[in-house]
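The sequence and structure come next.

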Amino acid sequence: MNPLHNATRRQFFKDCGIGLGKIALASTLTDQAFAKPISPIAPKRSHFGGKVKNVIFLFQAGAPSQLELFDHKPKLVELEGKPIPPSVIKGQRYAFIQPDAAVLGPRFKFGRHGQCGAELSEMLPHLAEIVDDVAIVKSCTTDQFNHAPAQIFYNTGFGVPGRPSMGSWLSYGIGSEANDLPSFVVLKSGGNLSGGAALWSSGFLPTSHAGVPFRSSADPILNVANPVGYDARAQRDTLDLVGKMNRRRHGVVGDPEIETRINSYEMAYRMQSRAPELMDLSKESPYTMEMYGAQRSGGASFADNCLLARRLIERGSRFVQVYHAGWDHHTNVEGGIKKQAELTDRAAAGLIRDLKMRGMLDETLVVWSGEFGRTPMVESNAALGRSQGRDHHPQAFSMWMAGGGVKPGVTIGSTDELGFNITEDKVHVHDIQATILHLLGIDHERLTYTFQGRPYRITDIHGHLVHKILA
């Protein structure tokens, strides 16, 4: 007779060496191992009610000359060809010029525009038409002296690679409303960037929060398209199998990068249908294309990228970084500014117009800035073939913001009569970072991540809100 026939249910569970509790626990662990994980870029609650939902950052890499665009200094015309007084220089060192280099006057005319009366260069005719919608800051300063460190510092809060970029902090902090596009997208035009991929790195944050560069030709996103002969059913079956294996492994070792890998595969799958529609500008009206100066080429220019940035935030992306290189004018600052202004001014102003017409400007923050400013002294070096240029100047530069939570039509800050030092309302790069986060409902002192035993934040131990531009 089989002894199991005489065993009670309680004796069975006791004698089999497992026990009811262990069976239940095993069932729970199995469910966890194979459950679909929550996306790391799913929307999260902010610290308080933010004024905006999305950010488009128009980063002008190479450092535009504020003296040719925003900060008019007639005194430089008077002193052109003469050295700046030593009392102003005070032992300052430069990358390519001597401290006693001669003064170079502004190369363009300035005028007052809009009801606010903002003073702008003749090189910004389109910005002049919408200047009542923007807030100009003429008193920005940075800690970094050269391009790569300054670009990395502006984007990550630290002067060397390894820290998370602002878009990564936002993806980590409040996630994204898009489930078929990245939270943080990078668009580039105008040439190479000194800071490289460190500008959109996730640093020590999970790599699911890194910026995703979109290319201007061929496949917009690398490694998304299927190879020839690989159909959707085969891909779905493969992803399901790999996902189960990854989730099983994640349940054993708990490595967050496994979760990142799972979500990356799924995001790529969803983007296969979404990305082509996003990059197709043929549905945009001729009026819209003209407003931006776009060419329907799908991201080949700054103008196309500004239009794509609007399309991305329409579809839920949180942070779109639009980089445009070409502003590094160590020689012929007049010709260089003219060329870059022609490439960028219409598109930047068109973006503000377009967002406003669509009722999106109140929920979007647009930022325009370079990494530092340019010297009031001339750079001329026959050996390097340079003349009539300007060197790096971290002490003072200009930028602007527009959108929800920003006072429209204001100009804050001022520099001395030579445009050398800030005299009123100094705004540090960390202050700009803190203000951007604040407008999204984030307290920059509370958005932290512990790495190697210490908490980090994008503003380090610094940063104050720029209250004079907050609505």
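Buried means under 20% relative accessible area, exposed over 50%, and partly exposed in between, with a 1.4 Å probe and protein chains only. The model is predicted, with local features needing pLDDT of at least 70, side-chain atom pairs counting only at pLDDT 80 or more, and totals for chains, interfaces and linings using all residues. Residues are numbered from 1 along each chain as its sequence is written, and side-chain values use heavy atoms, leaving out hydrogens and water.

**Chain**
- The chain has 14 helices and 17 strands, taken as DSSP runs numbered from the N terminus (helices H or I, at least four residues; strands E, at least two).
- Of its 471 residues, 51% are buried.

**Helix α7**
- Helix α7 spans residues 147-156 and has 8 of its 10 residues buried, so it is largely enclosed by the rest of the structure.
- The buried residues in α7 are His-147, Ala-150, Gln-151, Ile-152, Phe-153, Tyr-154, Asn-155 and Thr-156.
- Gly-157 follows α7 and has a positive phi, near 85°.

**Helices α12 and α13**
- Helix α12 (residues 302-314) packs against helix α13 (residues 333-357) at about 20°, with axes 8 Å apart; axes are lines fitted to C-alpha atoms over the stretch in contact, and angles run from 0 to 180 degrees between N-to-C directions.
- α12 is therefore roughly parallel to α13 (angles under 35 degrees; over 145 is roughly antiparallel, 65 to 115 roughly perpendicular, the rest oblique).
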